Amino acid sequence: MDEKYFPEKVEEKWQKHWEATGAFEVEADTSRPKFYCLEMLPYPSGFLHMGHVRNYTIGDALAWYKRLQGFNVLHPIGWDSFGQPAEQAAIKRNIQPREWTEENIAHMRGQFKRLGISFDWRRETAAHTPQYYKWDQWFFLRMLERGLVYRRTAPVNWCPKEETVLSNEQSSGGVCWRCGAVVEKKNLEQWFVRTTQYAEQLLGDMREIEAGWPERVLTMQRNWIGASTGAYIDFPVKDHEEKIRVFTTRIDTIYGANALVLAPEHPVLEKLLEGSTQQKEVIQFAERVRAARSQAKPGEDEVKEGVNTGLIAVNPFSDESLPVWVANYVLIDYGAGAVMSVPAHDQRDFEFAQKHTLPIKQVIAPITHEKEPSNFAPQLGVDQSVEMQQAMTDYGVLVNSSEWSGKLSQDAIAAMAEYAEKHGFGGGAVTYRLRDWGISRQRFWGAPIPIVYCDKCGIVPVPEKDLPVVLPERAEFSGTGQSPLAGVPEFVNTTCPKCNEPARRDTDTMDTFVDSSWYFFRYCDPQNGDAPFDPEKAAYWTPVDQYIGGIEHAVMHLLYTRFWCKMMRDMGLVKFNEPVKNLLTQGMVTNIVEGTNEWKAMSKSLGNGVDPDEMVAAYGADAVRLFVMFAAPPENELRWLETGIEGAVRFLRRVYNLVWRWREQIQTAPQSAPSDEDLTIAERALRRATHRTIARVTDDFERLHFNTSIAALMELLNTLSDFTAQTTSATEPSGNEKSELPDVMVFRAPDENASAGTLFAVREALEAMVLMLAPMAPHAAEELWEALGHQGGILSKQGDRAKWPQADKELSRKEELEIPVQINGKLRGRIRATPDASEEFLRSAALSDEKVRVWMEGRDVIKVIVVPQRLVNIVVK
């Protein structure tokens with residue numbers, strides 16, 4: 001150990017030690033509890049930013065803590081290395097995506113290692129390697145066999161800037177999740193995954209993770225899945241065999257229906273309108289609506305427009321004829337893509353009816369007085385001559401609804417759904433806002449879809465023995481929106497696996513969220529060439545115990561991975577429903593934008609980014625780690641202040657200096673704690689401070705309150721410094737020490753005659769502090785632990801493996817006072833209590849004390865006088 005703290009030298013030393021000893025490498029060990037600690041895998045964009053540093057430092061601190069507690073900790077890393085940015089870089093730099101991606105991975109791997117992040121690098125995976133995406137293709141084939149993957153032409157979300165398809169989750173709000181471009185609609189033939197088949201489970205199984213996931217994330221997923229409980233009704237169409245199915249949550253309003261309104265994309269329209277005089281007008285309207293939607297800005301109000309198709313449907317409850325309209329406010333993605341228009345009780349229908357002069361019939365009346373439903377007359381009505389100013393959307397009592405009049409809405413909804421089911425034209429139903437997941441992407445840099453198209457055999461899956469379908473080494477990037485794979489004839493042209501005739505490969509690739517939906521299972525068995533992973537190995541490590549990442553993935557990655565886990569469960573690969581027990585969504589790292597007073601997320605475009613490499617070179621990795629852990633609670637925004645890192649350096653130097661000064665003398669400290677009688681008041685106080693800090697930091701780590709745990713260590717350092725100042729002789733520091741540590745004016749050399757109690761208390765405090773510092777500043781902690789006489793490293797796999805310090809319950813209790821207890825003014829006993837003990841507690845403790853009760857025997861208590869922190873006086877007679 002050098003006398004002075006040189007971060008670069010210390011960090012290089014211990015990074016080499018960890019790599020040489022395999023300190024972070026683990027295998028399944030049933031004799032120890034396991035802990036799977038995982039941060040969301042990074043996209044290899046080229047450089048880590050401070051948001052990365054914060055995310056992975058949080059996970060690393062937790063991994064260290066759990067190792068020290070005796071857990072067998074899996075902490076792996078990989079790369080989400082497919083995706084559109086690599087293609088954009090290829091076009092801009094005139095290089096291939098593979099070259100750009102692998103250069104970035106090499107650079108970022110070095111950054112992670114310089115930060116000292118404790119990954120098991122043997123388990124490193126990358127989505128762009130055939131060894132990985134072979135299993136994306138394998139899963140595709142297994143889902144195809146199960147009917148979970150299908151192909152259809154559909155209007156899809158199209159990003160005109162990146163020229164590719166986006167899922168609904170990736171285009172939420174009408175903009176591309178990656179580049180922010182306004183999303184258009186485009187009809188393409190695509191592959192879809194039936195996520196809707198698991199909608200009910202995705203909602204119901206949230207019960208299993210409610211205790212460990214942020215409520216905000218669960219709420220976002222509930223809203224995105226969007227369960228609606230109601231009924232479906234099949235409306236016959238006059239002169240046609242087809243029926244139009246409608247889903248409604250308000251079947252109680254069906255007698256107020258004035259029309260059926262269909263989405264412009266409704267699949268039944270083309271057949272129903274065949275030969276109709278209105279066919280051309282309706283088709284032109286539908287095309288105009290689709291074009292307008294593709295250009296609409298997010299959140300922009302849409303004027304409700306429609307066209308009468310000339311078709312007539314029949315209300316199966318009332319036998320009334322209803323015109324069939326097509327309108328722009330009905331969405332194909334909701335329910336059945338058709339609604340019954342009830343303008344009196346739906347505001348959108350009300351506005352549409354007013355614009356197109358459609359009749360408005362009120363069939364729900366408000367309950368304005370307390371009457372039982374049975375008191376309402378069966379034909380109770382409302383004055384239809386009174387013009388409504390807006391829709392009445394509340395529940396109420398049915399009116400103008402034949403035999404259903406007089407029923408309360410809630411009762412009628414259930415009874416009418418049952419009636420529809422009994423008579424064969426409807427029934428109760430639940431629909432979901434969630435749509436099937438479109439996974440086709442018009443990209444080169446993604447996992448090829450293992451399908452060939454044969455003129456004779458049609459759509460043919462690639463046999464499993466022929467996987468992986470390997471991406472070609474090179475492609476031309478035209479920027480036209482067509483997949484670059486279509487321009488690689490040696491890839492496209494193949495033979496049909498069934499008939500050996502010429503065939504064509506699918507030239508789309510899979511959405512990159514396929515890669516990231518199951519990657520943490522691959523970490524459990526990364527070299528397996530025969531399966532995605534060995535279920536037995538995965539059963540030991542998974543589910544993930546703690547997952548850490550950004551809130552922006554709440555309804556994309558985090559929803560997809562929950563679906564994927566359930567799909568794998570049904571395949572027999574796993575035996576649980578949810579892949580992640582606990583989730584932490586860390587806040588952004590922000591910095592001031594130059595020339596403004598605005599704090600915004602760091603970015604190159606704003607010029608407010610900070611290079612982690614520069615910070616590590618200037619201050620050391622441990623100081624950077626310590627600052628990002630201390631500056632804010634992990635869920636909150638972290639405002640970047642370089643002065644905060646300077647403070648972290650000063651703290652580490654103070655700890656380092658203290659260990660340096662005491663490292664030799666405390667080797668003679670007794671191995672077991674002296675009795676309280678053999679300790680001075682100051683020594684007892686230091687021991688209490690140490691154990692209270694252990695208890696506090698342990699509790700903070702369990703709750704992931706890392707910033708307060710560092711604050712507790714700073715307080716302990718101050719206490720320890722004050723204690724050693726009282727028990728050591730002063731020496732003036734050298735000039736260099738003064739300039740390096742301006743906040744430490746005097747260094748103290750240990751007294752050669754320090755008592756055994758002092759030596760034990762100081763060693764106990766220093767060892768506890770060093771071990772509790774290890775999760776945040778592991779390099780410095782390793783150096784200090786070695787200086788304290790321990791060989792092999794904190795995580796030594798041979799013998800002297802360190803353990804997280806344990807708080808003594810007695811010593812870690814809040815500092816207690818001795819409160820004298822008097823009876824009629826004479827001292828008869830003492831009780832112990834914390835300074836904030838209530839008067840009721842002190843009264844009860846005094847009356848129940850055994851020594852005091854002896855003097856009260858046979859006497860009546862007249863009153864009890866309590867002076868908090870001072871005295872309890874019991875008056876008896």
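Tutor: A salt bridge is a side-chain nitrogen of Lys or Arg within 4 Å of a carboxyl oxygen of Asp or Glu. The model is predicted, so local features need pLDDT of at least 70 and side-chain atom pairs count only at pLDDT 80 or more, while totals for chains, interfaces and linings use all residues. Residues are numbered from 1 along each chain as its sequence is written, and side-chain values use heavy atoms, with hydrogens and water left out.

Student: By this rule, to how many salt bridges does the count come?

Tutor: The criterion is the nitrogen-to-oxygen distance within 4 Å. Applied to this model, it gives a count of 43 salt bridges.

Student: Which parts of the chain does the pair E25 and R122 link?

Tutor: The side chains of E25 and R122 meet in a salt bridge, at 3.7 Å from N to O. Helices (H or I, at least four residues) and strands (E, at least two) are DSSP runs, numbered from the N terminus. The two residues are 97 residues apart, with E25 in the loop between helix 1 (7-21) and strand 1 (34-39) and R122 in the loop between helix 4 (97-115) and strand 4 (125-126).

Student: What is the relative accessible area of R122?

Tutor: Buried means under 20% relative accessible area, exposed over 50%, and partly exposed in between (1.4 Å probe, protein chains only). E25 is partly exposed at 32%. R122 is also partly exposed, with a relative accessible area of 37%.

Student: How many residues apart in sequence are the parts that R625 and D60 tie together?

Tutor: R625 forms a salt bridge with D60, with the closest N and O atoms 2.7 Å apart. R625 lies in helix 18 (residues 621-630) and D60 in helix 2 (residues 50-68), so the pair ties together parts whose separation in sequence is 565 residues.

Student: Are R625 and D60 buried or exposed?

Tutor: The cut-off for burial is under 20% relative accessible area. By that criterion, R625 and D60 are both buried.

Student: Where do R142 and E145 stand relative to each other in helix 5?

Tutor: R142 forms a salt bridge with E145, the closest N and O atoms being 2.6 Å apart. R142 is buried, with a relative accessible area of 14%, whereas E145 is exposed at 60%. Because they are three residues apart in helix 5 (residues 130-145), their separation is about one helical turn.

Student: Which elements are included in what covers the buried residues of helix 24?

Tutor: Helix 24 (residues 778-787) is mostly covered, as nine of its 10 residues are buried; among them are H779, L784 and W785. Contact means heavy atoms within 4.5 Å. The covering elements include helix 1, helix 2, helix 4, helix 18, helix 19 (642-662) and helix 23 (756-773).

Student: Which residues does A689 touch, not counting residues up to four places away in sequence?

Tutor: A689 is placed in helix 20 (residues 681-702) and is buried, with a relative accessible area of 10%. Not counting residues up to four places away in sequence, A689 touches L716 and T719.
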